[in-house]
Amino acid sequence: MKFLLATLLAAATLGAARSDQTFVGTISDSMCAQNHSTMRMGDTDAECTHACIEEHGGTYVLVDAEHVYQLSDQKAAKAFAGKKVTVVGTLDPKTSTITVASITPS
C-alpha cells in the first residue's frame, strides 16, 4: 500500500512539472528595467545595467515589451547586459521569475 501511494505521489509530481518556455527580450537591471534614461549610469545600457547592479544592489532581469522577469541565473545574465537574448526556462507566474536553462544572443 505504501508503495502504491508513493508511486501515485511521484506520478502526480512529475505530471505537474512545468516544461521549458522561450522568452525573448533584453537583459537589463531591476532598478531601470525598461527605462535607462531615468538614472543613466554610463554611456550605454550595458554600462548602466552593470552599475545599477554592482553599485546599487540591483539584479539582472529580462525585459520584453510587456513584462519584467526576474532571472534565477544572475551569473549567466551578466555577460548579456544590454543585449537582446533568448532565454529558455520555466516561469513561475507568481513571482515572475524564470528558472533559467539557457541564455543565448538573439
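How many bridges join strand 1 to strand 2, and do these strands run parallel or antiparallel? Four bridges join them, and the two strands run antiparallel. The legends below cover a predicted model, in which local features need pLDDT of at least 70, side-chain atom pairs count only at pLDDT 80 or more, and totals for chains, interfaces and linings use all residues. Residues are numbered from 1 along each chain as its sequence is written, and side-chain values use heavy atoms, leaving out hydrogens and water.

View 1. Strands are DSSP runs of E with at least two residues, helices are runs of H or I with at least four, and both are numbered from the N terminus. Two strands pair if DSSP finds at least two bridges between them. Strands of a sheet pair through backbone hydrogen bonds, either parallel or antiparallel.

**View 2. Strand 1 and its partners, strand 2 and strand 4.** Six bridges link strand 1 and strand 4 in the antiparallel sense. Gln-21 has Gly-89 of strand 4 as its bridge partner. Val-24 stands opposite Thr-86, also in strand 4. On the strand 2 side, Thr-26 has Val-63 as its bridge partner.

View 3. Cys-48, Thr-49, Ala-51, Cys-52 and Ile-53 are buried. Buried means under 20% relative accessible area, exposed over 50%, and partly exposed in between, with a 1.4 Å probe and protein chains only. These buried residues pack against strand 1 (21-29) and strand 2 (60-63); contact means heavy atoms within 4.5 Å. Gly-57 follows the helix, with a positive phi near 80°.

**View 4. Thr-95 in the loop between strand 4 and strand 5.** Thr-95 counts as partly exposed because its relative accessibility is 44%. Thr-95 and Tyr-69 are 26 residues apart in sequence. In space, their C-alpha atoms are 8.5 Å apart.
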